[in-house]
Amino acid sequence: MCMAIPSRVLAIEGDMATVECFGVERRVSLMLMDEPVALGDFLIIQSGAFAVERVSPEQARESLDYFAEAMREVPPPNEAI
């Protein structure tokens, strides 16, 4: 299952970008993007570390807020459900 959580672009070097999501940074390929990418853009990253879509800051914030709330509701691994 793929979770489409937006990641914010921190740096761009050629066809690679460094993105951040919930404090985790990683490098992703921009080779599948069909439009230019800029610093601060929010991207949807496909498994395999390929950026596939740019989303608006509003869409990104809504999704990130939703996932942050969902993560707060998940019990710790050793806690019974």
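What follows is a guided tour of the structure, stop by stop, for use with a viewer.

The model is predicted, so local features are given only where pLDDT is at least 70 and side-chain atom pairs count only at pLDDT 80 or more, whereas totals for chains, interfaces and linings use all residues. Residues are numbered from 1 along each chain as its sequence is written, and side-chain values use heavy atoms, with hydrogens and water left out.

Begin by selecting strand 1 (residues 6-13) and strand 2 (16-21), which pair in the antiparallel sense over 5 bridges; helices (H or I, at least four residues) and strands (E, at least two) are DSSP runs numbered from the N terminus, and two strands pair if DSSP finds at least two bridges between them. The two strands form a hairpin with 2 residues between them, and G14 in the turn has a positive phi of about 65°. Across this pairing, V9 has V19 of strand 2 as its bridge partner.

Strand 2 is largely enclosed by the rest of the structure, because 5 of its 6 residues are buried, where buried means under 20% relative accessible area, exposed over 50%, and partly exposed in between (1.4 Å probe, protein chains only).

**The nonpolar cores**

Next select V9, A17, V19, V28, L30, M33, V37, L43, I45 and A51, the 10 residues of the largest nonpolar core; such a core is a set of buried Ala, Val, Leu, Ile, Met, Phe, Trp, Tyr and Cys residues joined through side-chain atoms within 4.5 Å. Strand 2 and strand 4 are the elements that give two or more residues to this core. Apart from it lies another core, of 6 residues, including C21, I44, A60 and L64.

Centre the view on I45, which is in contact (heavy atoms within 4.5 Å) with S7, R26, V28, F50 and A51, leaving aside neighbours within four places in sequence.

**Salt bridges**

The whole structure holds 5 salt bridges, each a side-chain nitrogen of Lys or Arg within 4 Å of a carboxyl oxygen of Asp or Glu. Select E20 and R8, whose closest N and O atoms are 3.8 Å apart; E20 lies in strand 2 and R8 in strand 1, so the pair ties together parts that are 12 residues apart in sequence. E20 counts as buried at 19% relative accessibility, while R8 is partly exposed at 33%.

Move to D41, in the loop between strand 3 and strand 4, where a salt bridge joins its side chain to that of R54 (3.2 Å, N to O). D41 is buried, with a relative accessible area of 16%, and, not counting residues up to four places away in sequence, touches S7, R8, V9, P36 and R54.

In helix 1 (residues 57-72), E69 and R72 lie 3 residues apart, about one turn of the helix, and their side chains meet in a salt bridge (2.7 Å, N to O). E69 is partly exposed at 36%, whereas R72 counts as exposed at 59%.
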